[in-house]
Amino acid sequence: MEPTLPVLVVGPDTPSPALLEALRKGGIDPRPCAPDDVLGLLSTAVAEAVVAQPVPFWRLLLSRVVTAGATAVLHVPEGPPPRALPSGVIAVQRAEDIPRLLREARSGRGEEPAH
């Protein structure tokens, strides 16, 4: 069985329970954190990806996530996703799609799951 993928989850206050449940069902280990903690946690290799809702300064935050070499996903559960996204940022509306996108991004970086 493929190991769970740890992912930082950033929301305005606490991430939605529906988002966390969808990630868990998809084999993702969601780790809620505050926007100010993301870059520090990425530098300690706690996770390889960040899922963020549209929090203040999300464009800057997710641009820095991509620059740090991690996968950046913007979760926009309501309304259309922004037309202009920072380079390397993936936007998604359905939380159920996030695990697949994260696995595709991981395999695109040439990382093979452990057997």
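Me: How many helices and strands does the protein chain have, and in what pattern do they follow along the sequence?

Reply: In this predicted model, the protein chain has 4 helices and 5 strands, and along the sequence they come in the pattern β-α-β-α-β-α-β-β-α.

Me: What makes the radius of gyration of the protein chain agree with that of a compact globule?

Reply: For 115 residues the rule for a compact globule gives a radius of gyration near 13 Å, and the protein chain has 13 Å, so the two agree. Taken along the principal axes, the C-alpha atoms fill a box of roughly 40 × 25 × 25 Å. Buried residues make up 40% of the 115 residues, and of the contacts with a separation of 6 or more, 49% are accounted for by residues 24 or more positions apart. The protein chain exposes about 6,500 Å², of which carbon and sulfur atoms supply 55%.

Me: How many side chains of the protein chain are positive and how many negative, and how far apart do the centres of the two sets lie?

Reply: There are 11 positive and 13 negative side chains, and the centres of the two sets lie 4 Å apart.

Me: How do you know that the buried residues of helix 1 line one face of the helix?

Reply: Helix 1, residues 17-25, has Leu19, Leu20, Ala22 and Leu23 buried. Seen down the helix axis, the buried residues fall within an arc of 160 degrees, so they line one face of helix 1. On the other side of helix 1, Pro17, Ala18 and Lys25 are exposed. The buried residues of helix 1 pack against strand 1 (5-10), strand 2 (28-33), strand 3 (49-52), strand 4 (71-75) and helix 4 (98-108). Glycine 27, which follows helix 1, has a positive phi, near 85 degrees.

Me: What puts the buried residues of helix 3 on the same side of the helix?

Reply: In helix 3, residues 58-67, the buried residues are Trp58, Leu61, Leu62 and Val65. They cover an arc of only 90 degrees around the axis, and therefore lie on the same side of helix 3. The buried residues of helix 3 pack against strand 1, helix 2 (38-43), strand 3, strand 4 and strand 5. After helix 3 comes glycine 69, whose phi is positive, near 95 degrees.

Me: Why are the buried residues of helix 4 said to line one face of the helix?

Reply: In helix 4, Ile98, Pro99, Leu101, Leu102, Ala105 and Arg106 are buried. Because these residues fall within an arc of 165 degrees when seen down the axis, they line one face of helix 4. Their cover includes strand 1, helix 1, strand 2, strand 3, strand 4 and strand 5.

Me: Why is isoleucine 90 called partly exposed?

Reply: Buried means under 20% relative accessible area and exposed means over 50%, with partly exposed in between; isoleucine 90 has 25% relative accessibility and therefore counts as partly exposed. Isoleucine 90 lies in strand 5, residues 89-92. Leaving aside neighbours within four places in sequence, isoleucine 90 is in contact with Thr71, Ala72, Val73, Leu74 and Leu101.

Me: What makes leucine 41 partly exposed?

Reply: The relative accessible area of leucine 41 is 27%, so this residue is partly exposed. Leucine 41 is placed in helix 2, and apart from neighbours within four places in sequence it is in contact with Leu8, Cys33 and Val46. Leucine 41 and leucine 8 are 33 residues apart in sequence, yet 8.5 Å apart in space, C-alpha to C-alpha.

Me: Why does alanine 45 count as exposed, and why does phenylalanine 57 count as exposed?

Reply: The cut-off for exposed is over 50% relative accessible area. Alanine 45 has 63% relative accessibility and therefore counts as exposed; phenylalanine 57, at 70%, likewise counts as exposed. Alanine 45 lies in the loop between helix 2 and strand 3, whereas phenylalanine 57 is in the loop between strand 3 and helix 3.

Me: Which value does phi take in alanine 45, and which in phenylalanine 57?

Reply: Most residues other than glycine have a negative phi. Alanine 45 is not a glycine, but its phi is positive, near 60 degrees. Phenylalanine 57 is not a glycine either, and has a positive phi of about 65 degrees.

Methods. Residues numbered from 1 in each chain as written. Predicted model: local features only at pLDDT ≥ 70, side-chain atom pairs only at ≥ 80, totals over all residues. Heavy atoms only, no water. Helix = DSSP H or I, 4+ residues; strand = E, 2+ residues; numbered from the N terminus. Rg over C-alpha atoms; globule rule 2.2 N^0.38 Å. Buried < 20%, exposed > 50% of the residue type's maximum accessible area, 1.4 Å probe, protein only. Contact = heavy atoms within 4.5 Å. Areas by Shrake-Rupley, 256 points an atom, 1.4 Å probe, with all protein chains shown as cover. Lys, Arg positive; Asp, Glu negative; His and termini not counted. Charge placed at Lys NZ, Arg CZ, Asp CG, Glu CD. Arc of directions from axis to C-beta.
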